[in-house]
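Please walk through this protein model one feature at a time. The account below is meant to be read beside the sequence and the coordinates.

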Amino acid sequence: FTFVRIKRGREPSSYGGPWDTDTPDSDLNLSYRLQQVSSLAVDPDGLFLRLTDDELAGQPFIYMVEPGSLYLDDEEIAALRKYLLNGGFLWLDDFWGDSEWDNMEQVLKHVFPNRNFVELPLSHSLYHCVFDIKSKLQIPNVELGTASQWNGGVTWEPYHDGDVRTVHHKAIFDDKGRIMVFATHNT
């Protein structure tokens, strides 16, 4: 397994962060933990790729952080659609509030105009394949996590619009019911 983070542009009018938030530490941590709790051989040297790079086709898993600021041009939209329809998997992570969700969802509608995000219930097999996950916990950022012990346990980022207290795990499926895109929102 090789952790692949996607380098990308950003919607100029958005509030979301850049593609390289928390790199390389988060990439290394996830790779290390994955090897620690599973039987997967994990390459500690992750990759940073663009959606249009030829190497993308050989990677089964790609990650985008801060997709609330997501912007893809026509070539990237076509490349992502091809990648996902050919068996690839995209995880969208670390974005908060209605505006960031709406921006990301609008961009993904260009990739798949006829597919919608669906909230995954805890009964889905994803939550029972390695560990038995019984709830969708909100994980704060480092600064907020440290502060939460002093501010009554608040774990959400309060400077976003809409309901940021509710964690969402949403997915886009292919025609056979396979998850192509997984979004962890408000966490």
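Arg178 has a relative accessible area of 26%, so it counts as partly exposed, since the partly exposed class runs between the 20% limit for buried and the 50% limit for exposed. The model is a predicted one. Arg178 forms a salt bridge with Asp174, and the closest N and O atoms of this pair are 3.1 Å apart. Asp174 has a relative accessibility of 17% and therefore counts as buried.

How many salt bridges does the structure hold? There are five. Another of them joins the side chains of Arg5 and Asp27, at 2.5 Å from N to O. Arg5 belongs to strand E1 (residues 2-6) and Asp27 to helix H1 (residues 25-37), so this pair ties together parts that are 22 residues apart in sequence. Both Arg5 and Asp27 are buried.

A further salt bridge is made by the side chains of Lys136 and Glu119, with 2.8 Å from N to O. This pair also links distant parts of the chain: Glu119 sits in strand E7 (118-119), while Lys136 is in the loop between E7 and helix H4 (142-148), and the two residues are 17 apart. Glu119 is classed as partly exposed because its relative accessibility is 32%.

The loop between E7 and H4 also holds Ile133. Together with Val37, Val130 and Phe131, Ile133 makes a nonpolar surface patch of about 370 Å². Ile133 has 35% relative accessibility and so counts as partly exposed.

Which residues gather in the patch of negative charge? They are Asp98, Asp102, Asp161 and Asp163. Of these, Asp102 lies in helix H3, which covers residues 97-111. With a relative accessibility of 46%, Asp102 is counted as partly exposed.

With these local features in place, the chain as a whole can be described. The protein chain has four helices and nine strands. Read from the N terminus, its elements follow the order β-β-α-β-β-β-α-β-α-β-α-β-β. The protein chain has 187 residues, and buried residues make up 41% of them. Its accessible surface comes to about 10400 Å², with 54% of that belonging to carbon and sulfur atoms. Of the contacts between residues at least 6 apart in sequence, 68% join residues at least 24 apart.

Pro60 is in the loop between strand E3 (43-49) and strand E4 (61-65). Is Pro60 buried or exposed? Its relative accessibility is 54%, so Pro60 counts as exposed. Leaving aside residues up to four places away in sequence, Pro60 touches Tyr83, Gly87, Gly88 and Phe89. The C-alpha atom of Pro60 is separated by 9.1 Å from that of Val4, although the two residues are 56 apart along the chain.

Some points of backbone geometry remain. Pro24 is found in the loop between strand E2 (9-10) and H1. The peptide bond leading from Thr23 to Pro24 is cis, and its omega is near 0°.

Glu66 has a positive phi of about 55° although it is not a glycine. Glu66 is placed in the loop between E4 and strand E5 (70-71), and with a relative accessible area of 13% it counts as buried. Asp94 is not a glycine either, yet its phi is positive at about 70°. Asp94 is part of strand E6 (residues 89-95). Its relative accessible area is 16%, so Asp94 is buried.

Conventions: Residues are numbered from 1 along each chain as its sequence is written. This is a predicted model: local features need pLDDT of at least 70, side-chain atom pairs count only at pLDDT 80 or more; totals for chains, interfaces and linings use all residues. Side-chain values use heavy atoms; hydrogens and water are left out. Patches are made of residues with over 30% relative accessible area and no salt bridge: like charges are joined within 9 Å, nonpolar side chains (Val, Leu, Ile, Met, Phe, Trp, Tyr) within 5 Å. Accessible areas come from the Shrake-Rupley method with a 1.4 Å probe; for residues, only the protein chains shown count as cover. A salt bridge is a side-chain nitrogen of Lys or Arg within 4 Å of a carboxyl oxygen of Asp or Glu. Lys and Arg count as positive and Asp and Glu as negative; His and the chain ends are not counted. The place of a charge is taken as NZ of Lys, CZ of Arg, CG of Asp or CD of Glu. Buried means under 20% relative accessible area, exposed over 50%, partly exposed in between (1.4 Å probe, protein chains only). Contact means heavy atoms within 4.5 Å.
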